[in-house]
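Let's take a walk through this structure together. Have a look at the whole thing before reading on.

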Amino acid sequence: MTFDDIKESLEFLDDWEDRYKYVIELGQSLPGLPEDEYNAANKVEGCVSQVWLVPAFDEENGKQVLQLKGDSDAMIVKGLVAIVIAYFSGHTKEEVAQLDAERDFAAIGLQEHLTTQRANGLKAMIKRVESVAAAD
């Protein structure tokens, strides 16, 4: 599922209770990580819940393309992880640098409907992916 698909689905839902349920469903669709990937190197700091993001760069058409996996111990946050994965996966490092994640996430209204702690956790996930993509 792409970020645009998620955005369209969220726009279709009228109230935030239904949108929260949808975000939870997105999280439930994520497969768990292999046990060895639940480690300090993959853990995202700045999240109240435990969050792990596992980046990998795959060669596609001569370019390094980001593929993310992730998980969380909290249902809503796991849904946010799924959205972050959909947003960033499939992009090159250069494309990630050009994305405006804060703007795009604000456009779907997520951050204004999250608790401060969850919004900060979402920002920490975004920053983590951006820093991984910016690293050489």
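This is a predicted model: local features need pLDDT of at least 70, side-chain atom pairs count only at pLDDT 80 or more; totals for chains, interfaces and linings use all residues.

**A tour of the chain**

Along the principal axes, the C-alpha atoms fill a box of roughly 45 × 30 × 25 Å.

So what is the chain built from? You'll find six helices and two strands, and reading along the sequence gives the pattern α-α-β-β-α-α-α-α.

Now for the inside. Of the 136 residues, 43% count as buried. The largest nonpolar core has 39 residues, and those with the most contacts inside it are Val 51, Ile 83, Phe 88, Phe 105, Leu 110 and Met 125. Elements that give two or more residues to this core include the helices α1 (3-12) and α2 (16-28), the strands β1 (51-60) and β2 (63-72), and the helix α6 (116-134). Helix α3 supplies the largest share, with 11 residues.

Pick out Ile 83 to see how this works up close. Beyond its neighbours within four places in sequence, Ile 83 is in contact with Phe 3, Ile 6, Val 23, Leu 26, Phe 105 and Leu 110.

Next stop is Tyr 22, which sits in helix α2. Tyr 22 counts as buried because its relative accessibility is 13%, and the cut-off for buried is under 20%. Leaving aside neighbours within four places in sequence, Tyr 22 is in contact with Met 1, Asp 5, Ile 6, Ser 9, Leu 10 and Leu 13. Asp 71 is 49 residues away from Tyr 22 in sequence, and their C-alpha atoms are 17 Å apart in space.

For a contrast, find Asn 61 in the loop between β1 and β2. Is it buried or exposed? Asn 61 counts as exposed, because its relative accessibility is 81% and the cut-off for exposed is over 50%. Its backbone is worth a look too: most residues other than glycine have a negative phi. Asn 61 is not a glycine, yet it has a positive phi of about 50°.

The chain exposes about 7,500 Å², with carbon and sulfur atoms supplying 48% of that. There are 13 positive and 26 negative side chains, and the centres of these two sets lie 4 Å apart.

Methods. Residues are numbered from 1 along each chain as its sequence is written. Side-chain values use heavy atoms; hydrogens and water are left out. Helices (H or I, at least four residues) and strands (E, at least two) are DSSP runs, numbered from the N terminus. Buried means under 20% relative accessible area, exposed over 50%, partly exposed in between (1.4 Å probe, protein chains only). Accessible areas come from the Shrake-Rupley method with a 1.4 Å probe; for residues, only the protein chains shown count as cover. Lys and Arg count as positive and Asp and Glu as negative; His and the chain ends are not counted. The place of a charge is taken as NZ of Lys, CZ of Arg, CG of Asp or CD of Glu. A nonpolar core is a set of buried Ala, Val, Leu, Ile, Met, Phe, Trp, Tyr and Cys residues joined through side-chain atoms within 4.5 Å. Contact means heavy atoms within 4.5 Å.
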